[in-house]
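Here is a quick tour for anyone meeting this structure for the first time. Have a look at the sequence and the fold, then read on.

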Amino acid sequence: MPAYTSSIQVLNGTHDITSMCEFDSTFNVQAVLTKEKGQFCWNIKVPAAPTLPANFPVIGDTIYVNYTINENTVLIFGGTLVTSEPIVSGGVVLLYQMTAMDWGYALDAQVVKASYANEDPHDIVVSLMETFGPAGFTTNHVQVGNFQVSTIQFNYQQLSKALQALATQIGWDWYIDPNKDLHFYFAEGNAATSSEIIEAPIVIDDTTGDIEWPTLDVQIDITNMKNAVYVVGGTYQKDFVLDPNPNATPPQYSPIDVYKTDGVTLAYPLSYSYDESSLTITLNGVGQSIGTAQVTDPSTVDVLYDDSGRFIQFTTTPSAGQTIVVQGEANVPILAYVTDQDSISTYGIREDAINDTKILSVQQAQERAQADIDMFGDPVYTVKFNTISPFTNQLSIGQQITLNSAKFGVSNKLLIIKQINFVARTPTQLEAQVQCLGSGSVTYNDIMLQLLQQSLGSESTPASTVLQTLIPIDEEIEITDAVTITGASRPYVWGPVAAPLQYSEGGATYGSFGYGSAAYASGLPYADDAATTASTELVWGFFTWS
């Protein structure tokens, strides 16, 4: 591998703090595509506070990492310091273990409550960023899909989770680069026809020397393959009318809940539940009055409707030979099934099911199933390698890279860089530890995210919900009252004693306690003190002690 010059720079805002940093194995800049936030972990060794150096990073500071190779400087990290943990590292020296999260942390300042229907994914993403994203983020690399997402809802989710939900539904990827620009695109598309897809500056092969050959690891796995996917969604409304209009929007259909009475049966099952506001029932063409089962007095209506049990019940038995027709907007459950026949022919059928009540149309369910097959319908190629190539600082998550190795028996396999860890090799050089995937790989984070999406999907917020917002307000109150203390006569006096007594031990007989002004108000008098007359207002005389 050719020699080159390189340098590493760490900034706290605009201040260079490189000299404070420890360039050992703890110095790690991590970037992850789509599924997780990236982070920068490193250590700083300094004397104990309060003798910290100038511009020492504190929680909330903005941190950048630049990596220069042959005078080509590339910003490889930008984000927010979220953790600072000082530990004793000998004597008075403290070792600060620092963690900064990438811009995904700042992106999640607000939650998203929104829904979209029949919009291009580009327009949905731009709307989300403009409405809920913080200032300073851009959307210069959001791909135009040239297709419409039928429906998607976000129910008080963090913005990164909303982007993830959309990406999952249509099989795309996304990340935020160190310059705060959002990349949202179909990563496995054709780089020649898409300006959003970037080819990696190196290839993985047996001869060029772009990678550290002993570190190359190629794994092929079909454990999580999915080539036939069911999607169980929510419901959509289908209008059943006796004389359907073929040109109506949405379309109308002939009733399916049609029965002939037998003179005995009172209750009739329904194929679907109906919107009660649109429900009509006729008996031989005559409209029937409808009530709600277990709510309406049966004597006041012709038919009772049970939504949960999906049936109707006449309150009196209809005579035989009459026709019952049920019309209205039915709530039809959504169930879609998509397969990949090529994959099934090669590997056998591998079915999966997705439950998501937020899916409110058949088209959306089909999109979700197809996206799952696009991600998991082929064997997973997991390729790992390390590199200190002169192009190391130009590697980025989301890039397409080609595996072409005769030794591994793989020819021109297209991979996506999913994760990069830039680890300090020396104080001036970083080694890139790269992980690439040729198809989706299910991780613990994927499982947790799917559970979260299902939870959010099952907890819808009605449009009539009133948002109660508590807004703290700082208000200054100036108090101008003045307190004046004025001396006055004390309200008690020591009453006189009948005869003075003095014991040899030094004890004394104390006088009775009275209420009013007093000559002896300054203390308890001895019994042989001069007598005084108590105030006429009140005299207590409650004890005598000798």
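## Before we start

A residue counts as buried when its relative accessible area is under 20%, as exposed when that area is over 50%, and as partly exposed in between (1.4 Å probe, protein chains only). The model is predicted, so to speak of a local feature takes a pLDDT of at least 70, side-chain atom pairs count only at pLDDT 80 or more, and totals for chains, interfaces and linings use all residues. Residues are numbered from 1 along each chain as its sequence is written, and side-chain values use heavy atoms, with hydrogens and water left out.

## Rings that meet

Let's begin with the aromatic side chains. Rings of Phe, Tyr and Trp (its six-membered ring) pair if their centres lie within 6.5 Å; planes under 30 degrees apart are stacked, over 60 edge-to-face, and the rest tilted. The structure has 16 such aromatic pairs. Take Phe40 and Phe77: their rings are tilted, at 5.7 Å centre to centre with 55 degrees between the planes. This pair links distant parts of the chain, with Phe40 in strand S5 (residues 39-47) and Phe77 in strand S7 (residues 72-88), 37 residues apart. Both Phe40 and Phe77 are buried. Strands here are DSSP runs of E with at least two residues, and helices are runs of H or I with at least four, numbered from the N terminus.

Next up are Tyr175 and Tyr185, an edge-to-face pair at 6.4 Å centre to centre and 75 degrees between the planes. Tyr175 belongs to strand S12 (residues 173-176) and Tyr185 to strand S13 (residues 181-185), 10 residues apart. Tyr175 is buried, with a relative accessible area of 7%, and Tyr185 is buried too, at 1%. Back with the phenylalanines, ring pairs join Phe23, Phe27, Phe40, Trp42 and Phe77 into a cluster.

## Charges over rings

Some rings have a charged neighbour. A charge sits over a ring if NZ of Lys or CZ of Arg is within 6 Å of the ring centre and within 35 degrees of the ring normal. Lys180 does this with Trp103, lying over its face at 4.5 Å from the ring centre. Lys238 has its charged end over the ring of Tyr253, 4.4 Å from the centre.

Now follow strand S26 (residues 323-339), which runs antiparallel to strand S16 (residues 228-240) and is joined to S16 by 11 bridges. Two strands pair if DSSP finds at least two bridges between them. Within this pairing, Val232 stands opposite Leu335 of S26.

S26 has other antiparallel partners as well. Strand S18 (residues 258-260) pairs with S26 over three bridges, and Lys260 faces Thr323 there. Strand S20 (residues 273-274) is joined to S26 by two bridges, with Tyr274 partnered by Ala330.

Which strands form the open sheet, and in what order? There are four, running S19-S25-S24-S23 with mixed pairing. The edges are strand S19 (267-269) and strand S23 (290-292), each pairing on one side only.

Strand S24 (residues 303-306) and strand S25 (residues 311-314) are antiparallel and share four bridges. Asp306 has Phe311 of S25 as its bridge partner.
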